[in-house]
Amino acid sequence: MGDPGTKDVLTLEELEASGNIRTGRKHILSVLVENKPGVLTRISGLFARRGFNINTLSVGPTDDEQVSRITITLDGATHPIDQVTKQLHKLINVLKIRDLEPSETVARELALFKVAADSGTRAEVMQICEIFRGKVVDVTKRSIIIEITGTTEKVEAFERMVRPFGLVEMMRTGEIAIARGRGET
Amino acid sequence: MRAVDAVVECLKAEGVDVVFGLPGGANIPTYDAFYDGGIRHILVRHEAGGGHAAEGYAKATGRVGVSLGTSGPGATNLITPIMDAMMDSVPVVFITGQVGTHLLGTDGFQEADIIGITMPAVKHSIMIQHPNEIPRALHEAFHIARTGRPGPVVVDIPTDLSRADIPYEPITDVHLPGYQTFTEGNTKQIRQAAKALAAARRPVIYGGGGVINANASEEFRAFCRSDRFPVTQTLMGLGAFPAPDPQWLGMLGMHGTRAANYAMDEADLICCVGARFDDRITAKLSEFAPRAKFIHIDVDPAEISKNVPAHIPIVGDAKNVLAKLLAEYEALDTDSSRLDEWWQRIAGWQKQYPIEKSFTDSEDTEIKPQRLIQAVYEATGGDAIITSDVGQHQMWTAQHYHFNEPRRWINSGGLGTMGFGLPAAMGAAIGCPDKTVVCITGDGSFQMNTQELATCAQEGIPVKVIISNNGYLGMVRQWQELFWEKRYSQVDLGKYPDFVKLAEAYGCHGVRLTDKTTLVDDLKAAIATPGPVVVDVSVTREENTYPMIPSGSAARDMVG
Ligand SMILES: Cc1ncc(C[n+]2csc(CCOP(=O)(O)OP(=O)(O)O)c2C)c(N)n1
Ligand SMILES: [Mg+2]
């Protein structure tokens with residue numbers, strides 16, 4: 001690009017539109033917010049009003065007690081992620097947003113599964129649990145509770161495996177994520 | 001110092017000279033401070049009136065408006081003005097009373113979670129939790145309301161906290177780590193925009209309310225005139241570029257001119273300044289300006305590429321960006337004659353469809369509503385501050401009153417709030433005491449905040465209300481006529497009330513006009529009458545606002 005006054009010209013055909021783009025993949029937004037009342041309501045309200053669908057959302061403290069971190073996962077196939085982050089940025093209590101690059105991120109969620117299992121099936125369920133590096137945290141005569149940590153994909157794969165035994169209940173925290181390397185998330 | 005006295009001190013430090021409100025139990029402490037605090041308080045008759053008055057004040061002066069209400073119903077009455085200020089980016093600080101902290105969450109008498117209720121309608125809101133926070137919260141509220149893209153901020157003060165004694169020290173700086181404004185505009189992008197403009201053969205400059213909010217009319221005009229760029233503006237932008245003017249295409253959008261809408265439709269480059277590609281502008285989005293590339297200048301990054309993807313996004317304050325864009329454009333070697341063909345095409349539309357020909361005037365004494373607006377323009381010499389309500393009269397005013405300066409046209413664009421006009425006029429008149437302020441309203445809209453006539457009478461606020469009286473909720477009737485087989489459902493207002501008597505009952509001067517032949521002189525006389533005046537003008541009952549892009553249609557399919 002030339003300096004002002006130079007004659008190099010631009011043709012309109014060269015211009016490409018930016019923004020409002022669907023990336024088609026899952027996004028993990030790591031959002032630092034001021035730890036003040038109502039902040040979560042502002043964020044969830046914003047998502048509801050603008051028709052942004054949250055897949056998972058988890059909130060927790062950070063090393064700074066004035067600041068909380070909210071990790072949001074959402075689908076970039078149905079949402080213009082740049083519009084989501086720009087709208088979030090407009091909230092005064094939102095300090096920083098990072099759209100984490102999947103390959104540069106470690107993401108985990110915790111899930112608890114209560115699976116129907118009696119003496120006939122318990123061994124098999126426990127074997128699956130072992131393969132997924134899960135932990136049995138409670139056993140009764142007719143059920144078993146298993147704790148799994150991992151990526152969403154892993155948790156979902158585990159769910160598919162145990163569902164046929166009879167999934168009594170399942171609880172998931174939603175993902176939290178942290179950037180690889182020395183820099184801050 | 002009492003916390004409430006600190007409130008008054010903070011407002012003074014922010015340069016506030018007037019506030020609009022109405023007291024109640026929870027904010028009696030605040031009102032005690034206003035008793036002799038040294039800031040003018042206008043006692044409105046409904047909190048919504050106060051909220052819109054604060055908006056009118058802000059829009060006319062460019063300063064932050066202030067509106068007060070008590071807890072519960074006082075606060076909920078403010079919801080419409082808050083939302084209105086959000087939609088039109090109006091800087092207003094709303095200070096609400098709240099029940100005492102010991103009652104919060106108990107459904108106490110007159111408790112309403114106004115912070116919760118207004119969350120989607122505010123730029124920001126602050127619930128006071130400790131009395132010592134009050135001064136800082138107020139300064140933050142003003143800072144947020146005024147800067148960046150302006151907007152409403154609500155500060156909710158529980159009554160017990162407002163009675164506390166606090167150590168008050170003037171605050172000179174606010175620090176908001178999560179609040180950033182982008183004012184300068186990226187130089188590279190601005191240069192790119194200048195080049196794109198130089199390359200364009202069918203450019204259109206499309207300005208919005210942001211130009212006025214940024215006080216950038218002068219820069220906007222200079223930039224538009226740096227070449228023979230055709231200029232159009234949204235409803236909110238009127239006045240930033242003078243009408244009439246050889247480069248002026250008229251208003252854009254649903255009831256805009258054909259020249260403006262057709263030019264957008266055929267443009268190869270659209271330079272949007274401080275507007276947001278609202279559906280009233282784009283009409284059918286998928287067919288909006290199909291051949292155009294877009295430069296989008298806005299202070300709010302979230303507006304860029306929200307509805308229409310931008311090719312050259314520029315985030316910044318219009319005043320700064322336009323000055324730089326002008327310099328960049330002037331440094332280029334451009335040839336105005338490249339626009340000849342474009343102007344020929346535009347001139348054809350202008351000639352064929354001038355706005356004056358959008359209606360046929362009566363041949364007898366009947367007053368056509370469009371003629372009424374022309375007459376108001378003549379009677380005021382085009383030099384008044386005009387507020388309006390919502391409906392046909394609003395569109396006719398936008399079309400036929402030619403605004404040639406910014407902050408002369410005050411209306412509710414984004415929310416379309418009936419009842420906005422009178423209180424907004426009140427606020428404008430208080431903010432600009434040397435100007436004639438005229439509220440052009442409809443018989444329907446006017447009744448949504450008529451009570452403020454009492455405020456005008458008591459305070460001697462000399463607004464001139466002109467009612468375009470068609471006995472209908474006219475704009476709705478028009479839609480029912482055009483798209484619902486004339487099934488007029490619940491739009492006939494009859495001949496009620498008698499607006500002249502009503503005006504008199506409120507202590508205002510009232511007149512009724514029915515004769516076209518003496519209209520301009522009669523209006524002049526009414527406007528020259530001191531104090532608040534209500535002019536009830538009987539207009540053609542079933543007149544339609546044209547031209548029009550029917551909703552769901554594309555701009556090139558305008559009718560009427
Ligand atoms: C508070 C509110 N309620 C309803 C509407 C819907 N509405 C839009 S225009 C209109 C008719 C307004 O009638 P009037 O003020 O007499 O104006 P006219 O169209 O007749 O000029 C209505 C009901 C609105 N905009 N605002
Ligand atoms: Mg009417």
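Modeller: Let's start with a word we will need: a residue is called buried when its relative accessible area is under 20%. Keep in mind that this is a predicted model.

Colleague: Thanks! Why is Ala428(B) called buried?

Modeller: Ala428(B) has a relative accessible area of 0%. The cut-off is under 20%, so Ala428(B) counts as buried. You will find Ala428(B) in helix H18 of chain B, which covers residues 421-431.

Colleague: Which residues is Ala428(B) in contact with, leaving aside its neighbours within four places in sequence?

Modeller: They are Gly56(B), Tyr57(B), Ala60(B), Ile385(B), Ile410(B) and Val437(B). As for Arg408(B), its C-alpha is 9.4 Å from that of Ala428(B), and the two are 20 residues apart in sequence.

Colleague: And Asn544(B): what makes that residue count as buried?

Modeller: The relative accessibility of Asn544(B) is 8%. Since the limit is under 20%, Asn544(B) is buried too. Asn544(B) sits in the segment that follows strand S18 (533-538) of chain B.

Colleague: How do you know that Asn544(B) and Arg477(B) make a polar contact?

Modeller: Their side chains come to 2.9 Å, and the rule asks for N or O atoms within 3.5 Å, one able to donate a hydrogen and the other to accept it. The pair is therefore listed as a polar contact. Asn544(B) also has a polar contact with the side chain of Glu481(B), at 3.2 Å. Beyond its neighbours within four places in sequence, the residues in contact with Asn544(B) include Gln370(B), Gln392(B), Trp396(B) and Leu482(B).

Colleague: Let's turn to the two chains. What makes Lys90(A) and Asp300(B) a salt bridge?

Modeller: The N to O distance between their side chains is 2.5 Å. A Lys or Arg nitrogen has to be within 4 Å of an Asp or Glu carboxyl oxygen, so this pair qualifies as a salt bridge. The rule finds one salt bridge across the interface of chain A and chain B, along with nine residue pairs in polar contact.

Colleague: Which elements of chain A supply at least two residues each to the side that touches chain B?

Modeller: Helix H1 (39-50), helix H2 (81-89) and strand S4 (94-100) do. The residues on that side of chain A divide into eleven nonpolar, twelve polar and eleven charged. In total, 34 residues of chain A are in contact with 39 residues of chain B. About 2,900 Å² is buried between the chains, with 58% from carbon and sulfur atoms.

Colleague: Back to Asp300(B). Why is its pairing with Arg149(B) called a salt bridge?

Modeller: Here the N to O distance is 2.9 Å. With the limit set at within 4 Å, the side chains of Asp300(B) and Arg149(B) therefore meet in a salt bridge. The domain assignment gives chain B a domain 1 (3-162), a domain 2 (187-354) and a domain 3 (360-538). Across the interface of domain 1 and domain 2 of chain B, the rule finds two salt bridges.

Colleague: How many residues of domain 1 of chain B are in contact with domain 2 of chain B?

Modeller: Seven residues of domain 1 touch six of domain 2 in chain B. Those two domains bury about 550 Å² between them, 49% of it on carbon and sulfur atoms. Met87(B), Asp88(B) and Arg149(B) supply 65% of the area that domain 1 buries against domain 2, more than any other three residues.

Conventions: Residues numbered from 1 in each chain as written. Chains lettered and ligands numbered in written order. Predicted model: local features only at pLDDT ≥ 70, side-chain atom pairs only at ≥ 80, totals over all residues. Heavy atoms only, no water. Contact = heavy atoms within 4.5 Å. Buried area = accessible area lost by both parts, 1.4 Å probe. Helix = DSSP H or I, 4+ residues; strand = E, 2+ residues; numbered from the N terminus. Nonpolar A, V, L, I, M, F, W, Y, C, P; charged D, E, K, R; others polar. Buried < 20%, exposed > 50% of the residue type's maximum accessible area, 1.4 Å probe, protein only. Domains from an automatic or database assignment.
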